Amino acid sequence: MTAIPDFKPIVLGSDINAYGMARSFHELTGGVVDLYARAPLAPTRFSKIVNVHLIPDFDSDPAFINGMKQVAEANRDYPGKLLIIACGDTYAELVSKHKPELSAHFICPYVDYDLLRRLNNKESFYQVCDEYDLPYPATKIVTKAMYESGVAISAPFEFPIALKPTNSVEWLNIHFEGRKKAFTIHSQVELNDVIGKIYDNGYTSDIILQDFIPGDDSNMRVLNAYVDQHHHVKMMCLGHPLLEDPTPAAIGNYVAILPEYNAGLYQRMQKFLEDIKFTGFANFDMKYDRRDDTFKLFEINIRQGRSSFFVTLNGYNLAQWPMRDYIVGDLADAEPVYGNKDDSQHKLWLGVPKRVFKQYARENAEKQTALELIRQHRTGTTVFYDKDMNLKRWALMQYAFFGYIGRYKQYFAENKGDTEN
């Protein structure tokens, strides 16, 4: 890679995803990164590699676009380019929505709004999957109108079934006792109760009922990709999650990822991304279905994910791809990178203490591989960064990290104990 011209990353968010991107940029350039967010969050507190700028209601309009105008004005005399990196569904959607206006001042490596809306909504994403012959779990859609009409709502699958909202952005603002990021439903009574709570507490979009793919967390896969401004895939990195967060509001968040290589999966998803003329970061969640030997897609995120630092950890620094694409300009002629082919370079990414992983991850060959990486000290986290550590930050991260011990004791049996059905 050639010398890096002057540029400034503008990271939107203050969560672990934002810290992972800031750390990736810091590892690449050594510079402090500006973060803009609605509220301060623990992963970016007491950090010397970020400057966090708080803007009230920044995760909604009109505060977002007005705030971005202020950011543009504050950087009016900056000689280099300004590169937006959105962390979280809400910020990615807002950047895409205002992309024409923002592009006058910032580089926005995101899809146009029409495509984002098709991909971000799970219901329409599955329609896209049908168009491109991509497998996903058998699905039934439930609407608010169906619930309000009083019609009996049943699933065409045997229990347990999966239930999740189609609109992940709207779901962030819905609150009720027992709310989860996603539900595993075991009976018709439970199904009726959960649907009622969802719609009675203000949710308006559709709900998805899905055939539950059997197996524990280690049947999941997460695929990260970067697609350049010419709609060519330039990086793919597959992860094999071995453990997920059992906390109700965070179910589905990975906390242990082993790097994996799968040429066939890379080829299939590359073709899809290039056929739909995608651009920027893509993050796919999928699960292996042993019943028909396929990987079934759950969703695509139009951004890097909260656990995507595993990509940087394994040698494919997330920050380099948009920087090479829009700042350095050498990515167009580069061959695609298909990550993790050399298992001698693999590192285990952890979002929980090692003792939690050892106790709760399912016993299988992949866990033994992960334990061997632990023994060889080939592991890493997002938040514990040697170049960004002081007493306050260390204490806060220790508190947050080891808080998982209690969370697993409280929630694992309830939310993860039935995954072998």
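Student: Which residues are linked with Asp 211 in a network of salt bridges?
Tutor: The model is a predicted one, and 24 salt bridges are found in it. Some of these salt bridges join up into a network that includes Asp 211. The residues linked with Asp 211 in that network are Asp 289, Arg 291, Asp 292 and Lys 296.

Student: How many residues apart in sequence are the parts tied together by Lys 8 and Asp 34?
Tutor: The side chains of Lys 8 and Asp 34 form a salt bridge, with 4.0 Å from N to O. Lys 8 belongs to strand S1 and Asp 34 to strand S2, so the pair ties together parts of the chain whose separation in sequence is 26 residues.

Student: Is Asp 34 buried or exposed?
Tutor: The relative accessible area of Asp 34 is 13%. Buried means under 20%, so Asp 34 is buried.

Student: Where does Asp 61, the salt-bridge partner of Lys 97, lie?
Tutor: Lys 97 and Asp 61 form a salt bridge in which the closest N and O atoms are 3.3 Å apart. The pair links distant parts of the chain, 36 residues apart, with Lys 97 in helix H3. Asp 61 lies in the loop between S3 and helix H2 (63-74).

Student: What is the relative accessible area of Asp 61, and what is the relative accessibility of Lys 97?
Tutor: Asp 61 is partly exposed, at 28%. Lys 97 is also partly exposed. The value for Lys 97 is 41%.

Student: What is the relative accessible area of Asp 388, which forms a salt bridge with Arg 393?
Tutor: In the salt bridge between Arg 393 and Asp 388, the closest N and O atoms are 3.6 Å apart. Arg 393 is buried, with a relative accessible area of 0%. Asp 388 is buried as well, and its value is 0%.

Student: Which strands stand at the edges of the open sheet?
Tutor: The open sheet has 4 strands with parallel pairing, in the order S3-S2-S1-S4. A strand at the edge has a single partner strand, so one of its sides is left without a neighbour in the sheet. The edge strands are S3 (50-54) and S4 (81-86).

Student: What does the twist average from one strand to the next?
Tutor: The twist is taken between strands that follow one another in the sheet, whose order is S3-S2-S1-S4. Its average is 25°.

Student: Which residue is the bridge partner of Val 33 in S3?
Tutor: Strand S2 covers residues 33-37 and pairs with S3 in the parallel sense, over 5 bridges. The partner of Val 33 in S3 is Val 50.

Student: What angle does helix H3 make with S4, and at what angle does helix H12 run to S4?
Tutor: Helix H3 (residues 89-97) packs on the sheet and touches strand S1 (7-12), S2 and S4. The direction of H3 makes about 135° with that of S4. Helix H12 (residues 320-328) lies across S1 and S4, and its angle to S4 is about 150°.

Student: Which cysteine sulfur is nearest to that of Cys 87?
Tutor: The structure has 0 disulfides. At 14 Å away, the nearest cysteine sulfur is that of Cys 108.

Student: Why do the buried residues of H5 line one face of the helix?
Tutor: In helix H5 (residues 113-120), the buried residues are Leu 116, Leu 119 and Asn 120. They pack against H3, helix H6 (122-131) and strand S13 (294-301). Seen down the axis of H5, they line one face because they fall within an arc of 90°.

Student: Which exposed residues does H14 carry on the face turned away from its buried side?
Tutor: Helix H14 (residues 365-375) has Lys 367, Ala 370, Leu 371, Leu 373 and Ile 374 buried. These cover an arc of only 155° around the axis, so they are on the same side of H14. The face turned away from them carries the exposed residues Ala 365 and Arg 375.

Technical notes: Residues are numbered from 1 along each chain as its sequence is written. This is a predicted model: local features need pLDDT of at least 70, side-chain atom pairs count only at pLDDT 80 or more; totals for chains, interfaces and linings use all residues. Side-chain values use heavy atoms; hydrogens and water are left out. Two strands pair if DSSP finds at least two bridges between them. Helices (H or I, at least four residues) and strands (E, at least two) are DSSP runs, numbered from the N terminus. Axes are lines fitted to C-alpha atoms, for helices over the stretch in contact, and angles run from 0 to 180 degrees between N-to-C directions. Contact means heavy atoms within 4.5 Å. Buried means under 20% relative accessible area, exposed over 50%, partly exposed in between (1.4 Å probe, protein chains only). A disulfide is a pair of cysteine sulfur atoms within 2.5 Å. The arc is that of the directions from the helix axis to the C-beta atoms.
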